[in-house]
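Colleague: I have not looked at this one before. Can you take me through it?

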Amino acid sequence: MEKLVYLDNAATTRISQKAIDAVMPFLTDNYGNPSSLYSLGQKSKVALENSRKTVADVLACRPDEVYFTGSGTESINWAIKSAVKAKKDIGKHIISTKIEHPAVKNTLKYLGDNGYDITYLESDSVGQISLDELRSSIRSDTVLISIMMANNEIGTILPTAEIGRIASEAGVLFHTDAVQAVAHIPTDVGELGVDLLSLSGHKLGAVKGVGVLYVKKGLKLEPLIHGGGQERGKRSGTENIFGIVTLAAALEEAVSHMPLTQVTKLRDKLIEGVLKIPRTQLTGDPVNRLPGIASFVFEGIEGESLLLLLNQHGICASSGSACSSDSLDPSHVLLALGLSHETAHGSLRLSLSVDNTEQDIDFTLEKLPIVVEKLRMMSPLWKG
Ligand SMILES: *Cc1c(COP(=O)(O)O)cnc(C)c1O
């Protein structure tokens, strides 16, 4: 196969070799059901509980605050829907932002269509919210704040610990979508002051289809999925041991690379190089930014065509959100930053991992300007 330069780690990641090694016995001989009492089943049970302990160590919480789910999306749905239900006697007001991932955005839209009142805080031009606006948005009927820890399209890191303090002073539950943050920046739930935190396995080197919800001790959440009572009655369905074992092994490996100094260096080299292309803008916060995300808008270009041409060079990239890739609507995140529809169409996200090399960056910086120039020459939007 020809050389592949994979720069779409915010969409999904290669499965870590340690995760593959860890899961092999469970794909072959250790197929027992963790709920079974014989030794074969108990091997799965032990793996399950060891994995829970690993996740708890990374989040600096108790193992019994960790629940395994079927995805980041499921964790988010469970957190938001059950949190507001738990507080239904207090009110129906929720506070969030305009730049959430569709998993949060569409869960809130569903609640909005079903009698809830949602306040979406404004984002500034780099994707930051105003803490004063957050404070003044809290009402006596506010039951939940759901604000992502770091944005998947533009890499902006939000002030989660400050939000946590405001939420806790107001006595309002706080959920954070930490899918892009975990294993990239510190995620100690005590320091962040969160009640609920969602994460996903496949964004950090595990297989697809496994996630975690952290639920602070004492918070009673109704299950989203009912059945045989697995996960202490909170998330039924025979446990996805393969997913869970890969999640724990991948997470352990990923956090061992933190802080991501080399990734950050490559990201900055990429940003510096790409910004040399005329009429190109960095999107997201230049300072409070995920180590692995470089994101841009190019004037006079259509993002999808850019991705197709990059693919011809073996470069895997994205326009931002995987979910908006096949729709013609520009990203709601870029619009929230105040970009025009036209500019927002010309977006590109390059997301790195520890697997990326200097050569990957040099190769991309060689090809990208050529591809951009070619598209601009062909574009009716481009006015020279
Ligand atoms: C990928 C992602 C999700 C969804 O996680 P899945 O496991 O793919 O369902 C949610 N939020 C953010 C910020 C993401 O990047």
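This is a predicted model: local features need pLDDT of at least 70, side-chain atom pairs count only at pLDDT 80 or more; totals for chains, interfaces and linings use all residues.

Colleague: How many helices and strands are in the protein chain?
Modeller: The protein chain has 13 helices and 12 strands. These are DSSP runs numbered from the N terminus, helices being H or I with at least four residues and strands E with at least two. The radius of gyration is 21 Å, close to the 21 Å that the globule rule gives for 384 residues, so the chain is as compact as a globular protein of that length. That radius is taken over C-alpha atoms, and the rule is 2.2 Å times the number of residues to the power 0.38.

Colleague: What share of the 384 residues is buried?
Modeller: Buried residues make up 55% of them. Buried means under 20% relative accessible area, with a 1.4 Å probe and protein chains only.

Colleague: On to the ligand. Which residues come nearest?
Modeller: Of the 13 residues around the ligand, Thr73, Asp177, Gln180, Ser200 and Lys203 come nearest. Being near takes a heavy atom within 4 Å. By class, the shell has three nonpolar, eight polar and two charged residues. Helix 3 gives the most to this shell, with three residues.

Colleague: What are the distances from ligand oxygen atoms to side chains?
Modeller: For threonine 73, a side-chain N or O atom is 2.5 Å from a ligand oxygen. For glutamine 180 the corresponding distance is 2.6 Å. A polar side-chain atom of histidine 202 lies 2.8 Å from a ligand oxygen. Taken alone the ligand exposes 380 Å², and the protein buries 90% of that.

Colleague: Which residues are buried in helix 4?
Modeller: In helix 4, residues 102-112, they are Pro102, Ala103, Val104, Thr107, Leu108 and Leu111. They pack against helix 3 and strands 3, 4, 5 and 6.

Colleague: And serine 44, buried or exposed?
Modeller: Serine 44 is buried, with a relative accessible area of 1%. Its place is in helix 2, residues 39-59.

Colleague: What does serine 44 touch?
Modeller: Leaving out residues up to four places away in sequence, serine 44 touches Phe26, Asn30, Tyr31, Gly32, Pro34 and Ile241. Contact means heavy atoms within 4.5 Å.

How values were computed. Residues are numbered from 1 along each chain as its sequence is written. Side-chain values use heavy atoms; hydrogens and water are left out. Buried means under 20% relative accessible area, exposed over 50%, partly exposed in between (1.4 Å probe, protein chains only). A polar contact is a pair of N or O atoms within 3.5 Å; within protein, one must be able to donate a hydrogen and the other to accept it, and residues adjacent in sequence count only if both atoms are side-chain atoms. Accessible areas come from the Shrake-Rupley method with a 1.4 Å probe; for residues, only the protein chains shown count as cover. Ala, Val, Leu, Ile, Met, Phe, Trp, Tyr, Cys and Pro count as nonpolar, Asp, Glu, Lys and Arg as charged, and the others, Gly among them, as polar.
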